[in-house]
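Welcome! The notes below then walk you through it topic by topic.

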Amino acid sequence: MVSRTPFLLSRMKRPQTIVILFAVLAILSGMPVSSAHHATATEYDISRTITLKGAVAGLNWANPHVHIDLKVKQDADGEETWDVEFGSPGAMAVAGITKESLPVGATVVVKAYPAKVKGTRTRACAIEATLPDGSTTRFVVGV
């Protein structure tokens, strides 16, 4: 009978094989995320902060970053929609923020770094948020 097990794995004991396979999978699973991540300072002006107060118009709870659409009232000119970037869903959970913490229509106050280049929508990176329940959470963002 011909063995279909690769030579290296056939020479190891089963527990060693499992440990090595898990280690390889752990290393490979982290590669796309780390290579795709960006430094905050490349997209946002970290030399100044702005404060935005508005109603949550949309929520995108997905990796690599959570985004909310925040409708901010301007003077008499109406509203402006901001795309506010937060941390990853995991970082949000550690900070005590869930999807339910940011319901559509709720008022949120965000202290943030504004985007360096304005596109079709105004963007910012949150460093602090006051939620509808009055709790305030600060975020550590990579620069």
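**The chain at a glance**

In the protein chain, 54% of the contacts with a separation of 6 or more are between residues 24 or more positions apart; contact here means heavy atoms within 4.5 Å. This is a predicted model, in which local features need pLDDT of at least 70 and side-chain atom pairs count only at pLDDT 80 or more, while totals for chains, interfaces and linings use all residues. Residues are numbered from 1 along each chain as its sequence is written, and side-chain values use heavy atoms, with hydrogens and water left out.

**Overall layout**

- The protein chain has four helices and six strands; these are DSSP runs numbered from the N terminus, with helices being H or I of at least four residues and strands being E of at least two.
- Starting at the N terminus, the order of elements is α-α-α-β-β-β-α-β-β-β.
- Of the chain's 143 residues, 29% are buried, where buried means under 20% relative accessible area, exposed over 50%, and partly exposed in between (1.4 Å probe, protein chains only).

**The nonpolar cores**

- The largest nonpolar core has 21 residues, and the members touching the most others are Leu52, Leu70, Trp82, Val84, Phe86 and Val110. Such a core is a set of buried Ala, Val, Leu, Ile, Met, Phe, Trp, Tyr and Cys residues joined through side-chain atoms within 4.5 Å.
- At least two residues of this core come from each of strand 1 (50-60), strand 2 (67-73), strand 3 (79-85), strand 4 (107-114) and strand 5 (122-130).
- Another core, of five residues, lies apart from it and includes Tyr44, Tyr113, Ala115 and Cys125.
- Leu52 sits in strand 1 and is buried, with a relative accessible area of 4%.
- Not counting residues up to four places away in sequence, Leu52 touches Leu70, Val72, Trp82, Val84, Val108, Val109, Val110 and Ala124.
- Leu52 and Leu70 are 18 residues apart along the chain, and their C-alpha atoms are separated by 8.3 Å.
- Leaving aside neighbours within four places in sequence, Val110 has contacts that include Ile50, Thr51, Ala126, Glu128 and Ala129.

**An aromatic pair**

- How many aromatic pairs does a search of the whole structure find? The search finds one. Rings of Phe, Tyr and Trp (its six-membered ring) pair if their centres lie within 6.5 Å; planes under 30 degrees apart count as stacked, over 60 as edge-to-face and the rest as tilted.
- Phe86 and Phe139 form this edge-to-face pair, at 5.5 Å centre to centre with 80 degrees between the planes.
- Phe86 lies in the loop between strand 3 and helix 4 (89-94) and Phe139 in the segment after strand 6 (136-138), so the pair ties together parts that are 53 residues apart in sequence.
- Phe86 and Phe139 are both buried.

**Two loop details**

- The peptide bond from Asn63 to Pro64 is cis, with omega near 5 degrees, and Pro64 is in the loop between strand 1 and strand 2.
- Ser101, in the loop between helix 4 and strand 4, counts as buried at 19% relative accessibility.

**Confidence**

- The protein chain averages a pLDDT of 81, and 71% of the residues score at least 70; pLDDT is the predictor's confidence in each residue, from 0 to 100.
- Among the elements, strand 1 has the highest mean pLDDT (97) and helix 1 (residues 7-11) the lowest (54).
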